[in-house]
Amino acid sequence: TAADNMRIASTADSQADVESRGGSGAVVGGGTSDVLVDMTSNALTSISDNAILTATNNITLAADNRFFVRAEAYMVADGVLANVTNANTEVRLSGNASVVLGEDVTVTADSVDINVINRFDVFGYSESFTDTTLAGAFSNADTDVDVTAVKAIIEIETGVAITGNSSLSLTAFNVEEGERSESEGGNLESRAKSGADTGILATATADANGTIDTVAEITTAALSALTTNSLTMQADSLLSLNRAPDAVAEGFITKTVRVVKEVVRKVTKWLPWPLNKIVEWVVDTVVSFVTVFEFATANANTEGTNDSPDDVIRLDGDIFLGSEASKTLIVNADGTIHPYSNVGATIDSNNVLVDDIINESSGSAFFRADNGIVSGGATIHVPKVLASVRVENYSDRDLLIQEIALVSDNQGDPDISIIDKDSRVGVDDTPFDIVNAGEDGSRISIINHSTDPDADIIFTEKLDDQNVVAIHYIQADGGDILQQDAADTMRVGDVGGMIN
């Protein structure tokens, strides 16, 4: 338990800075320079079964796993004839950043953040150069950078209950860090440079290879419960290996490329039956600028695969976005408002004019996996309908009722937004079951307790329950129940009922 904030985090910062230089000079000669970096790094934050974490403000659970590698091999040789030089650099990286919440863990705070991240600043480089006076210069530079079996994982097991009253954020990322530069490399780069200089029979070969295989994954098990007003989940592997072979040693050409990407957002605005959920698609255009290097292609080869789109947000259990609300106004016999009330009114000697009764409940969820799929069998509970409206007047004044809006519009924002690789217009639907947070119906109780025959209940606007399951109990002990505009009506939806 923490009075203010709580942070539980694991950090792994794995670094390797390796350089090998070789050189020779002979009539017939050459040589080889090799560098191998094989690194496994793990950052694990594990919360044991049945643990209870409580803080007033914020709880952060994090795992930060950083890979920093500079691996460089150089080989230079000169002679009269038949020189062969080889420079080989191999980098192998694996490991996980994980936050695991064991069975029946409870986490409660105003805001909860769960973050896992694998960071990469990797530069693999090999350079080979051979110079012969007469003939036979053979130069080979080979660089291989492999990032495999690397995962950013958030795992929420059975029975876990997480409550972030105002917000709950879960993010799992595999990202590059640092600036990519011509001189020092950086980010995630496999570079090879080879040169051969002779009169007859010269061959320079540069191979820049590498494979990326990472996964960002967020999973919640059945019988887990996430409760918050604003939920954000994002799982992304944002890695790109820059393979740069240069076989002619004429330097590098830098240019900036404008990348325009269209992302389709699947937007759900849910309404109670019979309207149900309305799914819309919104296309967002993202523009970014990326600095790249162009290299000579003669005798320059690349092999390997880039990261596949296999990130995962898979949710089971229950997600509660906010909670159902009720509206109450009690006017005492002396015309004052009881402190229990959460609805206001304007009161004079003759009338109690009730403020508009609006469902201001809000709750939203945002799921994003650009390179993966958002899926699962979770049930999302959205606070769309007021559970009850209670207005009671104990004074001898008329009771004037204005607008009653039972259904929340979430202040104009979508209830649920999903971005994944299948978010194409007209394809698929929201994968989760969406239900109202609370009972499916509302109860509206409006009572004027005064026995004065002139103490009426007057509706200044249409009473329209917007097709919500609602029971209306309207009672005037002394006066009448009236509609201010005779053209207006009291309408109860197909699934409602009224008791006068």
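Reader: Which residues of strand S29 are on its covered face, and which are on the uncovered one?
Author: In strand S29 (residues 433-436), Ile434 and Asn436 form the covered face, while Asp433 and Val435 form the uncovered one. Strands here are DSSP runs of E with at least two residues, and helices are runs of H or I with at least four, numbered from the N terminus. This is a predicted model, in which local features need pLDDT of at least 70 and side-chain atom pairs count only at pLDDT 80 or more, whereas totals for chains, interfaces and linings use all residues. Residues are numbered from 1 along each chain as its sequence is written, and side-chain values use heavy atoms, with hydrogens and water left out.

Reader: Why do the residues alternate like that?
Author: In a regular strand, side chains alternate between the two faces of the sheet.

Reader: In what sense do S24 and S29 pair?
Author: Strand S24 (residues 379-382) pairs with S29 in the parallel sense, over four bridges. Two strands count as paired if DSSP finds at least two bridges between them. Opposite valine 435 in S29 stands histidine 381.

Reader: Changing topic, how many salt bridges are there?
Author: The structure holds eight salt bridges. The term refers to a side-chain nitrogen of Lys or Arg within 4 Å of a carboxyl oxygen of Asp or Glu.

Reader: Which residues are linked in a network of salt bridges?
Author: Asp38, Glu90 and Arg92 are linked in such a network. Between arginine 92 and aspartate 38, the closest N and O atoms are 3.5 Å apart. This pair links distant parts of the chain, with arginine 92 in strand S5 (residues 58-101) and aspartate 38 in strand S2 (residues 30-40), 54 residues apart. Arginine 92 also meets glutamate 90 in a salt bridge, at 2.8 Å from N to O.

Reader: What about arginine 368 and aspartate 370, buried or exposed?
Author: Both arginine 368 and aspartate 370 are buried. They form a salt bridge whose closest N and O atoms are 2.7 Å apart.

Reader: Which strands make up the open sheet?
Author: Five strands form it, in the order S19-S20-S26-S31-S34, with mixed pairing. Strand S19 (345-347) and strand S34 (481-483) are the edge strands, each pairing on one side only. S19 and strand S20 (residues 351-354) pair in the antiparallel sense over three bridges, and alanine 345 stands opposite valine 354 in S20.

Reader: How many helices and strands does the whole chain have?
Author: The protein chain has zero helices and 36 strands. Buried residues make up 49% of its 500 residues.

Reader: What is the mean pLDDT of the chain?
Author: The mean is 77, and 71% of the residues reach 70 or more. pLDDT is the predictor's confidence in each residue, from 0 to 100. Over residues 180-186 the pLDDT is below 50, and this stretch has 24 contacts in the model beyond near neighbours in sequence. A contact means heavy atoms within 4.5 Å. Where pLDDT is low, the predicted coordinates should not be read in detail.

Definitions and conventions:
Buried means under 20% relative accessible area, exposed over 50%, partly exposed in between (1.4 Å probe, protein chains only).
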